[in-house]
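Subject: Handing over the structure, with notes

Dear colleague,

Please find below the structure I promised to pass on to you. My notes on it follow, and I would be glad if you read them with the coordinates open.

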Amino acid sequence: MKLSAHGIAGDVIRWIKNWLTDRKQRVVLNVQYSGWSDVLSGVLQGSVLGPLLFVIFINDIADDIAGKILKFADDTKIF
């Protein structure tokens, strides 16, 4: 797991796994509520850990790409 490769282990890795597991979301518009749906990917928007986890998981994206790659924030360009 990529988190383990960065020295994250023990209670912290279990906490992150639990935080990302079994999440649900729904849409609210003008007091109308959708049903709850499972969230299968991503992290909570506005979270402190979200950007850090994003960087960890995309940091090696260019390892197997033959061209030049430019990464900035949440944008990646291959040319």
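By about how much of the helix are D11 and R14 separated in helix α2? Because they stand three residues apart in that helix, about one helical turn lies between D11 and R14. Please keep in mind throughout that this is a predicted model.

Salt bridges

In general, side chains of opposite charge can pair when their charged atoms come close. D11 is exposed, at a relative accessible area of 59%, whereas R14 is partly exposed, at 47%.

The structure holds three salt bridges, and the other two, described next, each link distant parts of the chain. In one of them the side chains of D60 and K2 meet at 2.8 Å, N to O; D60 sits in the loop between α3 and β5 (69–72), while K2 belongs to helix α1 (residues 2–5), and the two are 58 residues apart. D60 is partly exposed, with a relative accessible area of 34%, and K2 is likewise partly exposed, with 28%.

In the other, the side chains of D38 and K24 form a salt bridge at 2.4 Å, again N to O. Here the pair connects two strands, with D38 in β4 (residues 37–39) and K24 in β1 (residues 23–25), and the two residues are 14 apart in the chain.

The packing of α2 and α3

Two packed helices are described by the angle between their axes and the distance between the axes. For helix α2 (residues 10–20) and helix α3 (residues 49–58), the axes come within 13 Å and cross at roughly 105°. As angles of 65 to 115 degrees count as roughly perpendicular, α2 is therefore roughly perpendicular to α3. On the α2 side the contact is made by W15, I16, W19 and L20, and on the α3 side by L49, G50 and L53. Sorted by class, the residues in this contact of α2 with α3 are six nonpolar and one polar, with no charged residue among them.

S47 is found in the loop between β4 and α3. With a relative accessible area of 19%, S47 counts as buried, because the cut-off for that class is under 20%.

Two positive phi values

D22 has a positive phi of about 60°, and its place is in the loop between α2 and β1, where D22 counts as exposed at 73% relative accessibility. V31 has a phi near 65°, also a positive value in a residue other than glycine. V31 is found in the loop between β2 (28–29) and β3 (32–33), and at 68% relative accessibility V31 counts as exposed.

Exposed positions and separations

Finally, here are some distances across the chain, all given from C-alpha to C-alpha. Q45, in the loop between β4 and α3, counts as exposed at 83% relative accessibility, and Q45 and M1 are 44 residues apart in sequence and 23 Å apart in space. N18, which has its place in helix α2, counts as exposed at 59%; N18 and I61 are separated by 43 residues in sequence and by 25 Å in space.

K68 lies in the loop between α3 and β5 and counts as exposed at 54% relative accessibility. Between K68 and V28 there are 42 Å in space, with the two residues 40 apart in sequence. Leaving aside its neighbours within four places in sequence, K68 is in contact with K77, I78 and F79.

How values were computed: Residues numbered from 1 in each chain as written. Predicted model: local features only at pLDDT ≥ 70, side-chain atom pairs only at ≥ 80, totals over all residues. Heavy atoms only, no water. Axes fitted to C-alpha atoms, helices over the stretch in contact; angles between N-to-C directions. Helix = DSSP H or I, 4+ residues; strand = E, 2+ residues; numbered from the N terminus. Parallel < 35°, antiparallel > 145°, perpendicular 65-115°, else oblique. Contact = heavy atoms within 4.5 Å. Nonpolar A, V, L, I, M, F, W, Y, C, P; charged D, E, K, R; others polar. Salt bridge = Lys/Arg side-chain N within 4 Å of Asp/Glu carboxyl O. Buried < 20%, exposed > 50% of the residue type's maximum accessible area, 1.4 Å probe, protein only.
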